[in-house]
Amino acid sequence: MANPLPRPSILSIEPYVGGESKVEGANRVVKLSSNEGAFGVPPGAVTAMQRAAAEMHRYPDGGAAALRIAIGRKFGLDPARIVCGNGSDEIIQHLILAYGGEGTELVMSAHGFVMYDISGRYAGCRVIKVPEKNLMADVDAMIAACGPRTKLVFLANPNNPTGSMLPRGEVTRLRAGLRDDILLVLDSAYAEYVRHPDYDAGVELVDAGTNTVMTRTFSKVFGLGGVRLGWAYAGPEVIDVLNRVRGPFNVNAQAMAAGIGALEEEGWVEKSVVHNALWRGKLGDGLRELGLLVYPSEGNFLLVDFGDAARAKAADAALRGRGVIVRMVGAYSLPNCLRITVGTAEECMLVLEAVKAFVGGSAGA
Ligand SMILES: *Cc1c(COP(=O)(O)O)cnc(C)c1O
C-alpha cells in the first residue's frame, strides 16, 4: 500500500521546539526561556479580554479595524497599511508562501530566527543561511548570496537569539543592494526594547518603497504571547496580498480586545523598557564578572557563551536544578551558548546566583 506523501521539503523540517516551562520536582519555576516580558500581562489586557469573552459567540471583525486603528495611533502609522495576524509567525508564513515557493530562494543570516527556515522549507524554498560576522548579520555577504531565484530576504533586527542589532545605515545598505523585486522582511519583534539612537524598526524603508515589510508582535514587551497576536506594516501591494491569503478570521476577537487593552495600558512599554535596560545591564555585567562571554544585546535577553557545548549543557542542567529554565540554542547552531531572558530583578539575581554556583563548582573541572 502506498502512503500519501507530503512534498519532499516538508520532511526536511526540524519541528520548532518552544521554551520549556516545567522542571521535574521543582515547586517554583522561573521561566526565562521564551523572552516573554518581565512583568507578565498588562492588567488592562486582562479586563478587556474578560469583557470580550461574553461575546464569544460572535465572529470577530475579520478586518481587525479597531485593533489596526489602535496600533496606528500607538506607533504613528496608517492603519490601512497594517495587517494583523495570529502571531507574527503567521504573517511570516503567509509572506513566504505568497512570494516564495518551489524553485525560489530565501536568504537569511546564519543565526537568524528559526521560523524563516521552517516556513521557507514548508513553502519549498531553498533556504540560504549566510555566515555572520561576530554573530552579526553581514550585509555584504547577504547581498552577495542573492541570485536570480532569490525572492525573499529575512532580517530579524534585533535578532533572536543573538541580540545583535544592525543600525539603520546598514539596513538601508542591505535594501539598496537587493534587486527591487526581492521582498525584504524586517522582523522587529523586539523593536520596543531598543534604545540605540541609530535604530529604525523598518518604518522608513517600508515608506520609501514597495518591497519592504516590517513585522511586529504582541508576544514580547506587551506580554501577550499566549493569545497569539502580531502585525505587519507594508505598502498597499503587500497588504493586498496578505489580505487575500490570510484566513478571513485569522485573529480572534478576544486576542484583538487584549491587544487594544495592552496598547492602551498607560506607561507599560516605558516601564518595561527602563527595567529591561537596567537589568539586562546588571545581568550581563554579573555574568561577565564570572568570566563568561556575553554578547551585546538590544533585546530582552542575553546570549551567553559557556565556551563549549558540554559546559553549556551542564550550566543549563545546573540552572534547572534551581528551577531556572533558560534556552539552549543548538537549533541555531550555537551549541556553546544559552539564551537567558531578562526577568524581574529577583529572577535576574537568581540567575546570577545559580550561574555563580555553577561556575564555582565547575572551576578547574
Ligand atoms: C518572538 C519572536 C517572534 C514573535 O512571534 P509571534 O508569532 O508574534 O509570537 C517573531 N520573530 C522573532 C525574531 C521573535 O523572537
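## The ligand and its neighbours

Let's start with Ser 219: an N or O atom in its side chain sits 2.6 Å from an oxygen atom of the ligand. That makes a polar contact, a pair of N or O atoms within 3.5 Å (within protein, one must be able to donate a hydrogen and the other to accept it, and residues adjacent in sequence count only if both atoms are side-chain atoms). Thr 217 has a polar side-chain atom 2.6 Å from a ligand oxygen, and for Asn 160 the distance from a side-chain N or O atom to a ligand oxygen is 2.7 Å.

Which other residues are around the ligand? Among them are Gly 87, Ser 88, Asp 89, Phe 113, Lys 220 and Arg 228; to be listed, a residue needs a heavy atom within 4 Å of the molecule.

## About the model

This is a predicted model, where local features need pLDDT of at least 70 and side-chain atom pairs 80 or more, while totals for chains, interfaces and linings use all residues. Residues are numbered from 1 along each chain as its sequence is written, and side-chain values use heavy atoms, leaving out hydrogens and water.

The chain splits into domain 1 (19-40 + 268-364) and domain 2 (43-263), with bounds from an automatic or database domain assignment.

How many residue pairs are in polar contact between the domains? There are eight, with both residues at pLDDT 80 or more.
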